[in-house]
Amino acid sequence: MQVACLAVLLTAGPAVAGAPAHQLRVIDARGDLLVSLPMPPGAGWCLAWNHSVEGFTVHDCYRNRDGRMVLERSHLPDFAAGLDHIPGRGRQVSDGQGGYWIEGIDEPVPGDQYRLRVGDEAVNHRLVSHGEPSLRRLVQCGRSAGGEVVLPNPVGQAPLTIRLSRLAADEAVTLGLYPPD
């Protein structure tokens, strides 16, 4: 496991090899840490949620780019209420199934964090993997390296999904990328 984790950290970015990873954290309005997992440079994640009218899943995908939280791309399965491509903000590409990706958004998130009002179970806000390394691999490597990992239990064996709607439905949280302590 150690060799595999070292490979994950080295392929995620050279800055990780000798330094602790940044942390993807979700903090509730009281300041309590709900989720924390290592997010080395080059690693990414998506915030997925179900559209409140149509019910389909939307993805906003982020990456740690040299310690900055950057919105890279979004997946929108339909041109439903509130979902549209803004010209000049990335490029729209068909997903081949009637929806589309907005690629190349590449917008740094101001302050590397934002407030999110977590929806109920129908909205199902959740953190999911965005490419490699997967969230599961980042958690395994963080734990084996003795790093800070805070996750709701149980996490199961399928691809790791962190269901924010089970942790903080109808609450405001801060989701952000934080530098090593």
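Reader: Which residues does histidine 125 touch, not counting those up to four places away in sequence?
Author: Keep in mind that this is a predicted model. Histidine 125 touches Leu47, Ala48 and Trp49, then Leu116, Arg117, Val118 and Gly119, and also Ile162, Arg163, Leu164 and Ser165.

Reader: Ok, and is histidine 125 buried or exposed?
Author: Buried, because its relative accessible area is 8%, and the cut-off for buried is under 20%.

Reader: Where does histidine 125 sit?
Author: In a loop, the one between β9 and β10 (126-129).

Reader: Switching to glutamate 171. Where is that found?
Author: Also in a loop: glutamate 171 lies between α3 (164-168) and β12 (172-178). With 28% relative accessibility, glutamate 171 counts as partly exposed.

Reader: What is glutamate 171 in contact with, leaving aside neighbours within four places in sequence?
Author: Asp28, Arg30, Leu116, Arg117 and Val118. There's a C-alpha distance too: glutamate 171 and aspartate 120 are 51 residues apart along the chain, and their C-alpha atoms are separated by 9.2 Å.

Reader: Let's talk rings. How many aromatic pairs does the structure hold?
Author: Two. One is tryptophan 45 with tyrosine 62, a stacked pair at 5.7 Å centre to centre, with 20 degrees between the planes. That pair links distant parts of the chain: tryptophan 45 belongs to strand β3 (residues 44-50) and tyrosine 62 to strand β4 (residues 57-65), 17 residues apart. Tryptophan 45 and tyrosine 62 are both buried.

Reader: And what does tyrosine 62 do with tyrosine 114?
Author: Tyrosine 62 and tyrosine 114 make a tilted aromatic pair, 5.9 Å centre to centre and 35 degrees between the planes. Tyrosine 62 is in strand β4 and tyrosine 114 is in strand β9 (residues 113-117), so this pair ties together parts 52 residues apart in sequence. Tyrosine 114 is buried, as is tyrosine 62.

Reader: Which residues form the aromatic cluster, then?
Author: Trp45, Tyr62 and Tyr114 form one cluster.

Reader: New topic, strand β5. Why is β5 (residues 68-76) described as largely enclosed?
Author: Because seven of its nine residues are buried, strand β5 is largely enclosed by the rest of the structure.

Reader: How many bridges join β4 to β5, and which way do they run?
Author: Seven bridges, and the two strands run antiparallel. Histidine 59 has histidine 75 in β5 as its bridge partner.

Reader: What's in the turn of the β4 and β5 hairpin?
Author: There are two residues between the strands, and aspartate 66 in the turn has a positive phi of about 55 degrees.

Reader: How many bridges does β5 have to β7 and how many to β8?
Author: Three bridges join β5 to strand β7 (residues 100-103), in antiparallel fashion, and leucine 76 has tyrosine 100 in β7 as its bridge partner. Two bridges join β5 to strand β8 (residues 107-108), also antiparallel. There, leucine 71 stands opposite glutamate 107 in β8.

Reader: Last one: what lies over the face of tryptophan 101?
Author: Arginine 73, at 3.5 Å from the ring centre.

Terms used. Residues numbered from 1 in each chain as written. Predicted model: local features only at pLDDT ≥ 70, side-chain atom pairs only at ≥ 80, totals over all residues. Heavy atoms only, no water. Phe/Tyr/Trp six-rings, centres within 6.5 Å; stacked < 30°, edge-to-face > 60°. Helix = DSSP H or I, 4+ residues; strand = E, 2+ residues; numbered from the N terminus. Buried < 20%, exposed > 50% of the residue type's maximum accessible area, 1.4 Å probe, protein only. Lys NZ or Arg CZ within 6 Å of the ring centre and 35° of its normal. Pairing = 2+ DSSP bridges. Contact = heavy atoms within 4.5 Å.
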